[in-house]
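Biologist: Before we discuss any details, may I see the sequence and the structure together?

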Amino acid sequence: MGPQRASLTLAHSAGRDAREAPTPVAIIDIGSNSVRLVAYDGLTRAPTPLYNEKVLCGLGRNVLTTGRLNEEAVRRALTALARFRVLCATMRVSRLFVLATAAARDAENGPAFLAAAAEACGQPIELLSGRREAELSALGVVSGFHAPDGVVGDLGGGSLELVDVRGAVVGQGVTMPLGGLALQDLSGGSLKKAGKLVREHLKKAAPQLETLRGRSFYAVGGTWRALARLHQAARGYPIHVMHGYSVEPSDELSFLEVVEQVDAALLQDVESVSEARRPLLAYGAVVLEEIIRMGRPREVAISASGVREGLLYEQLDRETRAADPLIAAASELNALRARSPGHGEELLAWTDRFVETLDGPETADERRLRHAACLLSDIGWRAHPDYRGEQSINIITNAAFVGVDHPGRAYLALAVYFRHEGMAPEKASAMLRGLAGPRLSERARLIGGLLRVAFPISAGMAGTLDRMPLGVEDGKVVLRLPAGWADLAGDRLLNRVRGLGRVIGLDGRIEIV
């Protein structure tokens, strides 16, 4: 290995700490509709799924009318659990958690099924109470959203859990038999009767719904994610990630009414929803419609984080829980993909100093987004230069990180795109600019301009930026270079300093000190 390649390898490794790499952990979730295995890369603040597989067994189908789990559903579930046991061994999972929810909780043959299920997966099973399920769902939202404030609703096949959440504080939850399979069963297939049942049961959730007005409703569960996917298709939405997707209640109500009135097979992009789930879409729409009408939230936000992620979050120590999940995820991508991860970390303080010299204020949320953009700034460097901007957009808009809403995700993608492709706003995606909004779009151009100055003076390597301060002085953007590095001050670098200045309406210059 040549000296240049060796130095890049060492620089890359320097960004990782000396701790032993985290080992995979996994959760098997035995739900009323599906049995799912999700394995994660480790027990961290922002765990990334290594493997995700579900089997739609329908354990909760007809449980409320027959009192028993269907024998064929039990057979399918036990077969899936035995398969998952082998997969966990293959992935060398260090810790396996197995959870069971409403169907096993409500059925008279639930205990016998759980005993057989524990033997099939080789692990004790925790049967969650309704209150415990609500608590874990809320913790999942705490783990996946930055400073959440609202009510969490987890819609499964057998039940609906509602619980208030404010930051990291979780209120007391309530559970109701309003899951899709349960409603289909109790209503005899009548949506009109289902709506009446929903309204009656939601009266029990008055303490939660009364606090929802003007706040966020965090929708958890596969049926609501499927509805969100169809809503995105109907809007031609530019980002296909479900987590953090938010909808205004009036827009959502109009869409839900269509779902309830139209055959599911006629909905746009319904092929993306499994056939087994399609009959449940209308019941999920009925429940969400009533929650919106009764609770009057400010927005409906889709959460991909629920019971499983809440359980992992619960295992973390207090210091790790307090970490920002977006920064944790961006740091991991920086360590995995940047040519010199230490450079991404140095960009945080370097851009901090520049922003401090600006007149306009930067909010706390804009600051954390800027820091994430710094950490993500070099993740596309291995691509061909002509495609680094495009590849960075694709990675960021589709990455499995949490702690950021979709306008923030669009900002991050735009900032790194501008860093590679130049700061002309018309070159960037109009849909992404529209999603980010005017303020964040301009902030993305600003950080893009900062990054375009930082990389030519550092070659993307750590250990240089603190010697080359950049700031606004006497109405100009000024970059100071040490005398020993005066040869960096060519036309290319000066043009980038001036380009940054134009974003904020100032001229730019380079000084040798």
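**Confidence, rings and backbone**

Modeller: The chain of this predicted model averages a pLDDT of 92, and 96% of the residues score at least 70.

Biologist: In which element of the chain is confidence lowest, and in which is it highest?
Modeller: Confidence is highest in strand 10 (residues 216-220), at 98. At the other end, pLDDT stays under 50 over residues 1-19, for which the model has 20 contacts beyond four places in sequence. The lowest mean, 35, belongs to helix 1 (residues 3-14).

Biologist: How many aromatic pairs does a search of the whole structure find, and how are the planes of Phe217 and Trp224 arranged?
Modeller: The search of the whole structure gives 4 aromatic pairs. One of them joins Phe217 and Trp224, with 5.7 Å centre to centre and 75° between the planes. Because planes over 60 degrees apart count as edge-to-face, the arrangement of Phe217 and Trp224 is edge-to-face.

Biologist: What is the angle between the planes of Tyr417 and Phe418?
Modeller: Tyr417 is buried, and Phe418 is buried as well. Their rings form an edge-to-face aromatic pair, 6.1 Å centre to centre. The angle between the two planes is 65°.

Biologist: Over which ring does the charged end of Arg419 sit?
Modeller: A charged end over a ring occurs for Arg321, placed 5.3 Å from the centre of the Tyr313 ring. For Arg419, the charged end is 3.7 Å from the centre of the ring over which it sits, and that ring belongs to Phe455.

Biologist: Where does Arg92 lie, and is it buried or exposed?
Modeller: Arg92 has a positive phi of about 55° although it is not a glycine. Its place is the loop between helix 3 (71-90) and strand 4 (95-100). The relative accessible area of Arg92 is 69%, and exposed means over 50%, so Arg92 is exposed.

Biologist: What is the phi of Asp269, and which loop holds this residue?
Modeller: Asp269 is another residue other than glycine with a positive phi, near 65°. With a relative accessible area of 34%, Asp269 is partly exposed. The residue is found in the loop between helix 11 (249-261) and helix 12 (281-295).

Terms used: Residues numbered from 1 in each chain as written. Predicted model: local features only at pLDDT ≥ 70, side-chain atom pairs only at ≥ 80, totals over all residues. Heavy atoms only, no water. Phe/Tyr/Trp six-rings, centres within 6.5 Å; stacked < 30°, edge-to-face > 60°. Buried < 20%, exposed > 50% of the residue type's maximum accessible area, 1.4 Å probe, protein only. Lys NZ or Arg CZ within 6 Å of the ring centre and 35° of its normal. pLDDT = per-residue confidence, 0-100. Helix = DSSP H or I, 4+ residues; strand = E, 2+ residues; numbered from the N terminus. Contact = heavy atoms within 4.5 Å.
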